[in-house]
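Here are some notes for a colleague who is opening this model for the first time. Please read them with the structure on screen.

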Amino acid sequence: MKYIALPEEKERRLSFYLAMEEWVARRLDEPECFFMWQVAPTVIFGRNQVMENEVNVDYCHEKGILMFRRKSGGGCVYADKGNVMLSYVCDGDNVGFTFNKFINMLLLVLRRMGVEATSTSHNDVMIGERKVSGTAFYHLPGRNIVHSTFLYDTDMENMLHAITPSREKLQRKGVESVRQRITLLKDYTDMSLEEVKSLIRTTLCVGERVLTLSEVDEIERLEEKYL
């Protein structure tokens, strides 16, 4: 599987990486692609969610936390520089097979870190009873996009206040708060965040495809749809 790399290091909005996923799926002739990204504090919610029901909009405005809707389904998540976001693009139309393949990739990475983890029927990755990674799916004709969180560390105060799932939703999952439901990978490993990112890449990818500046321009034009 090829790693898709950008030609220059710079801080970008989450909307750019959503557009990059779509661009890679539509334009690159690679059967399997993968890349990682990190963003400034941002909330991302699913295509079917009512933003005001899931996001504390006033808090996000006050703290400068950006908010974006993605084209995939699933729940609302908070991302920052301590939360590595993973993007996987592949050929095919079998949603279940693609989800299972991607989840098994994450479990393999965690095993290589010495961390025991399991998956759920909701395509979450769990350490014990708490979630360390959640995934969502977006399908294009003949192509699949799976993206996920990989929660190494985070600003817990921002996460707790920016995301506001209903008490009913939390109780359905048997928890009383967002903090009860998630865990941080840093508590289970001595590896730094950069070491974790390196392990993910070397475990899953062979070789890379560096995008050109003109291709990045195309992605930026596509990003306008997400804004």
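This is a predicted model: local features need pLDDT of at least 70, side-chain atom pairs count only at pLDDT 80 or more; totals for chains, interfaces and linings use all residues.

1. Residues are numbered from 1 along each chain as its sequence is written, and side-chain values use heavy atoms, with hydrogens and water left out.

2. The structure holds one cavity of 30 Å³ or more. A cavity is a set of points, on a 1 Å grid over the protein atoms alone, where a 1.4 Å probe fits but cannot get out. The volume of the largest cavity is about 30 Å³, taken as the space filled by probe spheres set on the points, with grid points joined across faces, edges and corners.

3. Which residues line the largest cavity? They are L18, E21, K71, S72, Y138, I145, H147 and Y226; a lining residue has an atom within 4 Å of a point. Two elements, α1 (14–27) and β10 (143–151), each give two or more residues to this lining. Helices (H or I, at least four residues) and strands (E, at least two) are DSSP runs, numbered from the N terminus.

4. By class, the lining of the largest cavity has four nonpolar, two polar and two charged residues. Ala, Val, Leu, Ile, Met, Phe, Trp, Tyr, Cys and Pro count as nonpolar, Asp, Glu, Lys and Arg as charged, and the others, Gly among them, as polar.

5. Now look at the second largest pocket. A pocket is an open set with protein on both sides within 12 Å along at least five of seven lines. This one holds about 500 Å³ of space. Its lining has 19 residues, with Y3, E9, M36, W37 and K197 nearest the centre. β1 (2–5), α1, β2 (32–37) and α8 (193–204) each give two or more residues to the lining. Nine of the lining residues are nonpolar, two polar and eight charged.

6. Next, an open sheet of three strands. The order is β4-β3-β5, with mixed pairing. Two strands pair if DSSP finds at least two bridges between them. β4 (66–69) and β5 (77–79) are the edge strands, each pairing on one side only. β3 (residues 42–45) runs parallel to β4 over four bridges. F45 sits opposite R69 in β4.

7. Finally, S148 in strand β10. Is S148 buried or exposed? It is buried (under 20% relative accessible area, 1.4 Å probe, protein chains only), at 3%.

Note on methods:
Buried means under 20% relative accessible area, exposed over 50%, partly exposed in between (1.4 Å probe, protein chains only).
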